[in-house]
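Here is a short report to read with the model open in your viewer.

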Amino acid sequence: MDYNKIVSVTGLSGLFELISSKTDSGIVRSLEDNSTKFVSTRIHSFSHLESIEVYTVKDNVNLVEIFTAMKKSKEALPDGKADAKAIKAYFEKVYPDMDFERVYASDMKKMVKWFEILTKNKIDIKQTEAAEEETTTEAATKKPAAATNKTAATKSTAVKSAPPKKINTPRKMA
């Protein structure tokens, strides 16, 4: 099971493996009890763990960095149902750069629960190369982005110079 297939579903507790998805729905398998569910995107929304970022004092970091810091830490993992002070104290030792004013205690509890689920299911916590390349190429592509804006501007002028479309009026009945 790959880390890039793991999602969080709003309104449902725990983590899920995304088995199949369509534009308006998805089929997910729970990592806790292996039950398979059909989830409609009209009611629920999916959040890939790969795309979740956490506020820090400097720049936002991906959730993978928090999980790797938790894995490397020698601190005992607090219980997911522990009080907010204990969980905050844990994260102050494990990842001190986290912005504790913007990251709520409920979010930290979720991170602890998710980490427990991922380690229980022996999922290798790593970001895929495509997501890593995306973050590195964003900084390197500032000049080409300006060039693409110029080409987009020429395309928009070409569309503006097109003749207006002929509108068909309904036939009059005699």
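F115 counts as buried, because its relative accessibility is 7%; buried means under 20% relative accessible area, exposed over 50% and partly exposed in between, with a 1.4 Å probe and protein chains only. This is a predicted model, in which local features need pLDDT of at least 70 and side-chain atom pairs count only at pLDDT 80 or more, while totals for chains, interfaces and linings use all residues. Residues are numbered from 1 along each chain as its sequence is written, and side-chain values use heavy atoms, with hydrogens and water left out.

How many aromatic pairs are there in the count? The count comes to 2 aromatic pairs, where rings of Phe, Tyr and Trp (its six-membered ring) pair if their centres lie within 6.5 Å, and planes under 30 degrees apart count as stacked, over 60 as edge-to-face and the rest as tilted. F67 and F115 form a tilted pair, with 5.8 Å centre to centre and 35° between the planes. F67 lies in helix α1 and F115 in helix α3 (residues 105-120), so the pair ties together parts 48 residues apart in sequence. Helices here are DSSP runs of H or I with at least four residues, strands are runs of E with at least two, and both are numbered from the N terminus. F67 is buried as well, at 0% relative accessibility.

## The second aromatic pair

Y90 and F91 form an edge-to-face pair, with 5.4 Å centre to centre and 75° between the planes. Y90 is buried, with a relative accessible area of 4%, and F91 counts as buried at 0% relative accessibility.

## How α1 packs

Helix α1 (residues 63-72) and helix α2 (residues 84-94) pack at an angle of about 90°, with their axes 10 Å apart. Axes are lines fitted to C-alpha atoms, for helices over the stretch in contact, and angles run from 0 to 180 degrees between N-to-C directions. That angle makes α1 roughly perpendicular to α2; angles of 65 to 115 degrees count as roughly perpendicular, under 35 as roughly parallel, over 145 as roughly antiparallel and the rest as oblique. I66, A69 and M70 of α1 make the contact with Y90, F91 and V94 of α2, contact meaning heavy atoms within 4.5 Å. The residues of this contact divide into 6 nonpolar, no polar and no charged. In this grouping, Ala, Val, Leu, Ile, Met, Phe, Trp, Tyr, Cys and Pro count as nonpolar, Asp, Glu, Lys and Arg as charged, and the others, Gly among them, as polar.

With α3, α1 packs at an angle of about 70°, and the axes are 11 Å apart. That makes α1 roughly perpendicular to α3. On the α1 side the residues are L63, I66, F67, M70 and K71, which meet M111, V112, W114, F115 and L118 in α3. Here the division is 9 nonpolar, no polar and 1 charged. Which residues of α1 are buried? They are L63, V64, I66, F67, A69 and M70, and they pack against β6 (53-54), β7 (61-62), α2 and α3.

## A look at the strands

I27 lies in strand β3 (residues 25-30) and counts as partly exposed, at 33% relative accessibility. The C-alpha atoms of I27 and F38 are separated by 4.6 Å, although the two residues are 11 apart along the chain. Leaving aside neighbours within four places in sequence, I27 is in contact with E17, L18, I19, S20, T36, K37 and F38.

## Two positive phi values

Most residues other than glycine have a negative phi. N34, not a glycine, has a positive phi of about 60°; N34 sits in the loop between β3 and β4 (36-40) and is exposed, with a relative accessible area of 54%. K122, also not a glycine, has a positive phi of about 55°. K122 is placed in the loop between α3 and α4 (129-140) and is exposed, with a relative accessible area of 75%.

## The whole protein

The protein has 5 helices and 7 strands, and from the N terminus on its elements run β-β-β-β-β-β-β-α-α-α-α-α. Of its 174 residues, 30% are buried. Among contacts with a separation of 6 or more, 53% join residues 24 or more positions apart. The accessible surface comes to about 12,500 Å², and 52% of that belongs to carbon and sulfur atoms; areas come from the Shrake-Rupley method with a 1.4 Å probe, and for residues only the protein chains shown count as cover.
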